[in-house]
Amino acid sequence: MLPPRVLIDATRLHQRVDELAAEVSLAFRGLDELTLIVVLKGGFMFAADLARRIDIPARIEFITLASYGDATERGDIRLLADIGTSLEEKHLLIIDDILDTGHTLAYLNRIVEAHDPAGVRRCVLLNKASRRTADIAVEHVGFEIDDVWVAGYGMDHAGLWRSLPYIGVVDDPSGG
Ligand code: IMP
Ligand code: MG
């Protein structure tokens with residue numbers, strides 16, 4: 001299987017993550033702490049890089065959601081592992097890899113709002129705006145991309161390529 005062809009290389013990724021971290025730090029400026037909610041699995045690499053560059057003391061929580069089956073077929077959203085602590089009165093930053101239809105973040109919004117947080121902002125590395133079907137707002141976006149299937153830098157195609165240091169396009173995502 002050929003690796004995905006480069007769409008956003010590691011240098012551009014790191015430049016943009018630096019900018020996003022500065023944006024986020026500014027948005028939460030003056031707070032004693034914030035809580036990062038990392039959406040696994042896809043958000044792990046982005047969140048690790050972003051977290052290191054945010055200059056406000058942070059708690060880090062993980063939630064595991066799955067919305068896709070083996071490849072690119074959309075299925076129901078499944079909660080595989082919930083947040084194990086109270087988020088009441090916390091200032092939250094939700095970090096996910098990619099905003100596609102928006103249903104995953106809409107689902108997550110309902111989960112976190114039930115905790116009564118002090119406030120919630122959302123940060124996604126990639127936005128496929130043309131695919132949106134759920135009504136969802138995101139405050140911080142890394143890159144706008146077309147309706148293509150991407151993998152690398154945390155994101156997978158049929159479970160592969162998450163460890164690539166760049167984001168690439170899978171040319172024939174449903175094919176062999
Ligand atoms: P949504 O619920 O349709 O917004 O789906 C969002 C989730 O689907 C993302 O957090 C990703 O995990 C996954 N996803 C959507 N598009 C892609 C892609 O092009 N490559 C890899 N994962 C994707
Ligand atoms: Mg995801």
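1. In this predicted model, the axes of helix 1 (residues 10-27) and helix 2 (residues 44-53) come within 9 Å of each other and cross at roughly 55°. Angles from 65 to 115 degrees would count as roughly perpendicular and those under 35 degrees as roughly parallel, so helix 1 is oblique to helix 2. The crossing of the two helices is right-handed.

2. Which residues make up the contact of helix 1 with helix 2? From helix 1 come His14, Val17, Asp18, Leu20, Ala21 and Ser25, and these meet Phe46, Asp49, Leu50 and Arg53 in helix 2. By class, the residues of this contact divide into 5 nonpolar, 2 polar and 3 charged.

3. The second largest pocket deserves a separate look, and it holds about 190 Å³ of space. Its lining consists of 14 residues, and those that lie nearest the centre of the pocket are Met1, Leu2, Val170, Asp171 and Asp172. Sorted by class, the lining of this pocket comprises 8 nonpolar, 3 polar and 3 charged residues.

4. A peptide bond to inspect is the one that joins Leu40 and Lys41, which is modelled as cis, with omega at about 0°. Lys41 is placed in the loop between strand 2 (34-40) and helix 2, and helix 2 is one of the two partners in the oblique pair described in the opening point.

5. Where do the residues with positive phi described here lie? Asp116, which is not a glycine, has a positive phi of about 60°, and its place is in the loop between helix 3 (103-113) and strand 6 (119-127). Trp161, likewise a residue other than glycine, has a positive phi near 80°, and Trp161 is found in the loop between strand 8 (149-151) and strand 9 (167-170).

6. Taken together, the backbone details noted above are a cis peptide bond between Leu40 and Lys41, a positive phi at Asp116 and a positive phi at Trp161. Each was computed from a predicted model.

Key
Residues are numbered from 1 along each chain as its sequence is written. Chains are lettered from A and ligands numbered from 1 in the order in which they are written. This is a predicted model: local features need pLDDT of at least 70, side-chain atom pairs count only at pLDDT 80 or more; totals for chains, interfaces and linings use all residues. Side-chain values use heavy atoms; hydrogens and water are left out. Axes are lines fitted to C-alpha atoms, for helices over the stretch in contact, and angles run from 0 to 180 degrees between N-to-C directions. Helices (H or I, at least four residues) and strands (E, at least two) are DSSP runs, numbered from the N terminus. Angles under 35 degrees count as roughly parallel, over 145 as roughly antiparallel, 65 to 115 as roughly perpendicular and the rest as oblique. A crossing is left-handed if the near helix is turned anticlockwise from the far one by less than a right angle, and right-handed if clockwise. Contact means heavy atoms within 4.5 Å. Ala, Val, Leu, Ile, Met, Phe, Trp, Tyr, Cys and Pro count as nonpolar, Asp, Glu, Lys and Arg as charged, and the others, Gly among them, as polar. On a 1 Å grid over the protein atoms alone, a cavity is a set of points where a 1.4 Å probe fits but cannot get out, and a pocket is an open set with protein on both sides within 12 Å along at least five of seven lines; lining residues have an atom within 4 Å of a point. Grid points are joined across faces, edges and corners, and a volume is the space filled by probe spheres set on the points.
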